[in-house]
Amino acid sequence: MNTTTHILLATYQGAEHLPEQLHSIEQQTFCHWHLWARDDGSTDATRNILQAFAHRHPDRTTLLEGQGGGAARNFWALLQAVQPRTDHDLFAFCDQDDVWLSDKLERAVHWHTHQSGPATANLYCARTQVTDAQLRPLYLSPRPRRPLTLCNALVENIASGNTMVLNVPLLQAMKRIAADNMVLHDWSAYLAATACGGKVHFDPHPCLLYRQHSANVVGARKGLLQRAQRLGRLMKGGYRAWGDATEGALRDLAPLLTAESKGIARSFAAARHSTCGVQRLNHALRAGLARQRRSAQWAFWLAVLLGLV
């Protein structure tokens with residue numbers, strides 16, 4: 001099977017750590033990759049580093065230029081630009097400041113190529129080894145506790161985008177999502193896969209070193225302080241815009257939704273827009289909307305009751 005994995009790398013002011021990431025791509029045990037890198041207007045040496053990489057791999061590198069807009073728009077533009085060469089191609093999101101373990105792509109390709117039955121919008125993701133800026137290990141990212149379904153994808157993401165590898169049907173689904181409806185590329189990938197009836201595999205073994213530093217856009221979160229911050233954002237209605245974008249994404253994906261997904265989407269919309277708090281909660285319960293952690297689940301139900309999501 002002739003599979004090419006297209007690596008979608010979004011960069012901005014990444015010169016400090018980008019060389020290590022690019023070197024880890026060169027060290028992959030799966031060698032059939034093509035790098036698509038889109039820089040978002042860097043003023044440091046990022047573009048020079050990418051051009052040097054392209055010079056070393058002229059047949060395996062495509063460089064694109066952006067003009068600002070942030071990480072989400074950068075990844076959205078990459079998704080729109082990349083084109084599969086065969087139906088077996090795969091697509092891996094890539095952050096500029098990580099270090100991939102040597103078998104990262106190989107493990108993802110192995111899972112994708114061993115799926116049986118009709119092709120669906122399948123998604124591979126994995127744990128990460130979170131590190132400090134000097135790549136000293138801190139902790140492993142958590143594993144999901146609940147099933148990976150649309151009921152979960154509507155209210156939270158379960159994996160870092162830098163671990164995700166998509167197949168062609170999932171890529172084509174994501175191309176349908178408008179830029180304004182793609183708040184985060186990884187969350188949208190999880191949403192599209194589950195809404196369109198695809199399979200989602202969460203590899204319990206870490207696939208990369210996830211570097212934490214002051215310039216991270218989102219970053220890994222751990223500890224009571226970070227959970228309290230997320231809870232505060234939820235209770236202040238900070239996730240309403242994300243909910244609006246999620247509904248928009250579901251409309252964009254409407255021709256691809258399964259019958260079950262359409263029913264869940266209707267209940268999700270009712271849980272957000274009904275005028276009565278009890279009715280909103282009933283719709284959320286009917287839809288089975290579920291966050292991974294029990295404390296987060298209770299907070300979500302309270303926010304639904306109060307009309308904050």
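Tutor: Begin with a term: helices here are DSSP runs of H or I with at least four residues, numbered from the N terminus. Keep in mind that this is a predicted model.

Student: How many cavities of 30 Å³ or more does a search of the whole structure find?

Tutor: Rolling a probe the size of a water molecule over the atoms shows where empty space is left. About 90 Å³ of space lies in the largest cavity. With the cut-off at 30 Å³, the number of cavities found in the whole structure is one.

Student: Which helix gives the largest share of the lining of the largest cavity?

Tutor: The lining includes Trp187, Ser188 and Leu191, as well as Trp242, Ala245, Thr246 and Ala249. Two helices, helix 7 (185–195) and helix 9 (240–252), each supply at least two lining residues. The largest share is four residues, and it comes from helix 9.

Student: How are the rings of tryptophan 187 and tryptophan 242 arranged?

Tutor: The structure holds four aromatic pairs. For tryptophan 187 and tryptophan 242, the ring centres are 5.2 Å apart. Their planes meet at 85 degrees, so the pair is edge-to-face.

Student: How far apart in sequence are the parts that this tryptophan pair ties together?

Tutor: Tryptophan 187 belongs to helix 7 and tryptophan 242 to helix 9. The pair therefore ties together parts whose separation in sequence is 55 residues.

Student: Which strands are the edge strands of the open sheet?

Tutor: The open sheet has seven strands in the order 3-2-1-4-9-6-10, with mixed pairing. An edge strand pairs on one side only, and this holds for strand 3 (61–65) and strand 10 (200–203).

Student: What is the bridge partner of arginine 38 in strand 3?

Tutor: Strands of a sheet pair through backbone hydrogen bonds, either parallel or antiparallel. Strand 2 (residues 33–39) pairs with strand 3 in the parallel sense, over five bridges. In strand 3, the partner of arginine 38 is leucine 64.

Student: What angle does the direction of helix 4 make with that of strand 6?

Tutor: Helix 4 (residues 104–113) packs on the sheet, and the strands it touches include strand 1 (5–11), strand 4 (90–94) and strand 6 (123–126). Between the directions of helix 4 and strand 6, the angle is about 140 degrees.

Definitions and conventions: Residues are numbered from 1 along each chain as its sequence is written. This is a predicted model: local features need pLDDT of at least 70, side-chain atom pairs count only at pLDDT 80 or more; totals for chains, interfaces and linings use all residues. Side-chain values use heavy atoms; hydrogens and water are left out. On a 1 Å grid over the protein atoms alone, a cavity is a set of points where a 1.4 Å probe fits but cannot get out, and a pocket is an open set with protein on both sides within 12 Å along at least five of seven lines; lining residues have an atom within 4 Å of a point. Grid points are joined across faces, edges and corners, and a volume is the space filled by probe spheres set on the points. Two strands pair if DSSP finds at least two bridges between them. Contact means heavy atoms within 4.5 Å. Axes are lines fitted to C-alpha atoms, for helices over the stretch in contact, and angles run from 0 to 180 degrees between N-to-C directions. Rings of Phe, Tyr and Trp (its six-membered ring) pair if their centres lie within 6.5 Å; planes under 30 degrees apart count as stacked, over 60 as edge-to-face and the rest as tilted.
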